[in-house]
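Subject: A structure for you to explore

Hi there,

Here is the structure I promised to send you. Have it open while you read, and my notes on what turned up in it follow below.

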Amino acid sequence: MELYQLTVHELHDLLVKKEVTSKEVTEVLYRRITEIDRKINAYLLLTEEEAFRQADKVDRKIGRGEGIEELAGIPIALKDILCTKGIRTTCGSRILGDYVPFYDGTAVRRLKEVDAVILGKLNMDEFAMGSSTENSGFQITHNPWGLDRVPGGSSGGSAAAVAADECFAALGTDTGGSIRQPASCCGVVGMKPTYGRVSRYGLVAFASSLDQIGPMTKDVEDCAILMNAISGYDPCDSTSVNVEVPDYRQSLVKDVKGIRIGIPDEYFVEGMDPDVESSVREAIGQFGKWGADVRRISLPHTEYAVAIYYIIATAEASSNLARYDGVKYGFRSKGYRDLMEMYTQSRAKGFGREVKRRIILGTYVLSAGYYDAYYRKASQVRTLMRRDFEEAFQHVDVIVAPTAPTPAFRIGEKTENPLQMYLSDIHTIPVNLAGIPAITIPCGFSHENLPIGLQIMGRHFDEGKLLRVAYTFEQNKKYHLKRPTL
């Protein structure tokens, strides 16, 4: 096995035993990126100088016999929506093509505090608006399992980099499924934590009441390790919740006996790919064989999720993106005659088509005469969806369902039909609207050898239960061991 194929916890053991150095591993990863990223296009920016400086620091610690954290010396990468001090942060948009933050976001800072090695910044749909990473202002990322396929989005660069062994783990963000859907498409593990569990300070906002940072990894144990590193209260973030963070590795128990698993009827929709349905139903059957109490449940307002999401998310995006006006930072158009023309030209040239579409829609639903009919009504139905989950969790411990209705689709297949693209997130959106945690893990492959994801949802701040259920399935079925050939 090549070094780049290892997991975080496997590499940590080698570092501690001094069988390999962090510098050697970092060199291997950059060679891997040089060799294959021209096929994948996962990276927007590499930070080699800083990465080797950090690797040398960890190697010196080990050489002195000092103990190291589990992520120390481990090369990982970041979605390019997370602010990094002194390093360009573009959000996949030309309007921020030259933006260099003067501070690290909290999640980034916490990774640096445990001595992780940051390889670079990863491609994404512009401002996290998309389900395929085709909306990036710079390049299209390809799925390692099929180079003619999308990697999902908006964290497609993160998912593709992990799947292609171009990093050992990555951070993504999830607004309506942007960690879980690409993780499903690329056959990796992705977790969307409870809203408020991980600080959003330094995350460039798309929809503030929905955005959440989370890990994308090769296996469930690595997911627990990253959650330990990035979770916790942050006074810099007003939405951060001050609750105790457990050691998530303690949840990695290979046992689901007695756990009540709910299967929502509404998630098995008409038109779902038959390979997806058969793989997920087979996984559900396995849980029953392992001693879980599997029962049907109903989440009756699920059918409204996509409509609600694209009202609330676009409204918040319209507000958040108003700051990009060509004045304070970011792209400024040339050749304007007055202030208004500078505004309009800067935004017209700086934003891509999908971002403009969502700004226009969000401005419309917030406008006088339409606010009550759209935004207020959507907020009310969002409350009903949250109550659906609360009612369900009185009877079950976790909810299991498909992550996405299809495996990864072909590049260009849905770009001219935004509604079809939006439906890619039909199974993931309710989690963000309710603020609950969810994880996706590989549960099978289509007849075209494309990964299929299983989604596990839980109560607020009960990520540990999700990790336990996911770990049990993973260790029994071993789908995560299958890697794409590049």
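Let's begin with Asp165, which counts as buried because its relative accessibility is 3% (buried means under 20% relative accessible area, exposed over 50%, and partly exposed in between, with a 1.4 Å probe and protein chains only). Please keep in mind that this is a predicted model, in which local features need pLDDT of at least 70 and side-chain atom pairs count only at pLDDT 80 or more, while totals for chains, interfaces and linings use all residues. Residues are numbered from 1 along each chain as its sequence is written, and side-chain values use heavy atoms, with hydrogens and water left out.

**Around Asp165**

Asp165 sits in the loop between α5 and β4. (Helices are DSSP runs of H or I with at least four residues, strands are runs of E with at least two, and both are numbered from the N terminus.) The phi of Asp165 is near 60°, a positive value in a residue other than glycine. Most residues other than glycine have a negative phi, and most peptide bonds are trans.

In α5, 8 of the 8 residues are buried, so the helix is largely enclosed by the rest of the structure. Among its buried residues are Gly156, Ser158 and Val162. The loop between β3 (117–122) and α5 (156–163) contains Ser154, and a cis peptide bond with an omega of about 5° joins Gly153 to Ser154.

You will find Lys18 in the loop between α1 (8–16) and α2 (22–40).

**The sheet**

In which order do the 11 strands of the open sheet run? The order is β1-β3-β2-β4-β6-β5-β10-β11-β9-β7-β8, with mixed pairing. (Two strands pair if DSSP finds at least two bridges between them.) At the edges are β1 (43–46) and β8 (293–297), each of which pairs on one side only. From one strand to the next, the twist averages 30°.

Strand β10 (residues 438–445) pairs with strand β5 (residues 189–192) in the antiparallel sense over 3 bridges, and Ala438 of β10 is the bridge partner of Lys192. With strand β11 (residues 451–458), β10 also pairs in the antiparallel sense, over 7 bridges; here the partner of Ala438 is Met457. The hairpin of β10 and β11 has 5 residues between the strands, and Asn449 there takes a positive phi near 65°. β10 is mostly covered, with 8 of its 8 residues buried.

Helix α9 (residues 305–320) packs against helix α11 (residues 353–366) at an angle of about 100°, and their axes are 7 Å apart. (Axes are lines fitted to C-alpha atoms, for helices over the stretch in contact, and angles run from 0 to 180 degrees between N-to-C directions.) That makes α9 roughly perpendicular to α11 (angles under 35 degrees count as roughly parallel, over 145 as roughly antiparallel, 65 to 115 as roughly perpendicular and the rest as oblique). Residues making the contact include Tyr310 and Thr314 of α9 and Arg358 and Leu361 of α11 (contact means heavy atoms within 4.5 Å).

**Aromatic rings**

How many aromatic pairs does the structure hold? There are 21 of them. (Rings of Phe, Tyr and Trp, the last by its six-membered ring, pair if their centres lie within 6.5 Å; planes under 30 degrees apart count as stacked, over 60 as edge-to-face and the rest as tilted.) One of the pairs is Tyr309 with Tyr310, edge-to-face at 4.8 Å centre to centre and 85° between the planes. Both of these tyrosines, Tyr309 and Tyr310, are buried. Phe389 and Phe393 form a stacked pair, because their planes are at 25° and their ring centres 6.3 Å apart.

One aromatic cluster is formed by Trp145, Phe287, Trp290, Phe445, Phe473 and Tyr479. Over the face of Phe445 lies Lys482, at 4.2 Å from the ring centre. (A charge sits over a ring if NZ of Lys or CZ of Arg is within 6 Å of the ring centre and within 35 degrees of the ring normal.) The charged end of Arg32 likewise sits over the ring of Tyr4, 4.2 Å from its centre.

Happy exploring!
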